[in-house]
Amino acid sequence: MRKGPSFVKIFVTGGAGYIGGNVAALLIEKGHHAVIFDNLSHSRRSAVPAGAEFIEGELADRAALERIFRAAAEEGKPFDGVLHFAALIEAGESMEHPELYFRNNSASTLSLLEAVLAWGPRRFVFSSTAAVYGEPETIPIQEDARLAPTNPYGQSKLLVEQMLAWFHRVHELRYASLRYFNVAGAHEGPQGVTRGEAHEPESHLIPLVLDVALGRRPFIRIYGDDYPSPDGTCIRDYIHVSDLADAHLLALSALGAAAEKPSPLIYNFGNGKGFSVREVVESARRVTGHPIPAEVVPRRPGDPAVLVASSQKAMRELGWKPRYVELDEIVRTAWIWHQKRYSM
């Protein structure tokens with residue numbers, strides 16, 4: 001039987017965002033202290049989970065980060081771990097402005113790592129991406145697959161993974177890199193369905209499709225229908241945000257239970273199946289009862305045809321088990337949340 005997590009005070013970058021906010025909320029629910037560091041560039045102050053301590057700031061500001069870590073250490077209440085979510089995430093945008101992604105995702109993470117080395121904990125969980133694999137040679141993708149990103153977004157995350165590997169080798173930093181594709185859905189708890197997906201601006205498929213069902217958009221764009229897939233549209237792996245939140249806490253706990261100098265923890269998280277863009281649209285039609293018009297437009301540069309990850313290693317080593325395995329269930333929670341959000 002796995003031991004319960006021993007961490008109590010966690011520094012969460014990007015904790016006002018969709019994934020980071022759900023993980024921070026789970027930390028608080030489990031009785032831990034979450035300190036959220038976010039510049040609110042793609043979120044808002046109201047998205048910070050109740051009960052979390054919030055610090056507004058820039059990840060590139062190494063001096064500010066060191067002040068935070070130093071103050072916590074000097075107060076006798078140092079951080080027990082770091083969960084790093086803060087990043088730009090749009091693969092399409094990265095093909096137009098790669099410089100933004102290398103500066104924001106890669107260089108800014110170096111500032112964070114330097115502050116961690118100076119004052120912070122030696123447990124670090126990185127929100128990576130399965131985009132580090134690029135066009136996969138085999139499906140589903142295993143953790144030891146070739147790493148060859150097809151866009152600057154994936155490359156910017158891979159650079160961070162490479163930095164982490166060297167920091168582990170030289171400075172004995174304990175770290176986990178969690179690679180996943182499309183995160184969706186909303187948390188279901190005693191207060192109902194909360195903390196759904198709403199980026200500013202929005203570019204992810206499921207919330208965009210649900211916007212059509214709500215009448216906020218006239219149709220959904222399908223970027224290319226000539227891919228080598230059964231219906232010609234891209235196939236992607238979807239994971240429910242609550243299942244992913246569980247994964248982050250399990251990874252953080254595993255780092256604490258590891259040996260003096262453990263090997264890095266590299267895990268994929270996904271449903272292991274993959275659904276095409278048209279299948280997602282059809283799921284949304286079933287769940288919402290709305291026809292959801294669709295329009296096919298040209299492909300976006302840098303979009304691989306099929307991306308599906310194997311989560312068997314995480315299931316075996318962490319005991320992780322997803323609760324949401326059907327696409328309609330993921331879309332259902334997202335739909336409930338979107339209706340509540342836009343009826344307010």
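The chain divides into domain 1 (9-184 + 238-270) and domain 2 (186-236 + 272-315 + 322-342), with bounds that come from an automatic or database domain assignment. This is a predicted model, in which local features need pLDDT of at least 70 and side-chain atom pairs count only at pLDDT 80 or more, while totals for chains, interfaces and linings use all residues. Residues are numbered from 1 along each chain as its sequence is written, and side-chain values use heavy atoms, leaving out hydrogens and water.

Taken over C-alpha atoms, the centres of domain 1 and domain 2 are 24 Å apart. Contact, meaning heavy atoms within 4.5 Å, links 41 residues of domain 1 with 35 residues of domain 2.

The size of an interface is often given as the accessible area lost when the parts come together. Here the two domains bury about 3300 Å² between them, 54% of it on carbon and sulfur atoms; this is the accessible area (1.4 Å probe) that both parts lose on being put together, summed over both. On the side of domain 1, Tyr18, Tyr238 and His240 lose the most area to domain 2, together 22% of what that side buries.

Two salt bridges cross the interface, each a side-chain nitrogen of Lys or Arg within 4 Å of a carboxyl oxygen of Asp or Glu. Aspartate 246 and arginine 323 form a salt bridge, their closest N and O atoms lying 3.0 Å apart.

Which element gives the most to the side of domain 1 that touches domain 2? That element is α1, with five residues; helices here are DSSP runs (H or I, at least four residues), numbered from the N terminus.

How values were computed. Helices (H or I, at least four residues) and strands (E, at least two) are DSSP runs, numbered from the N terminus.
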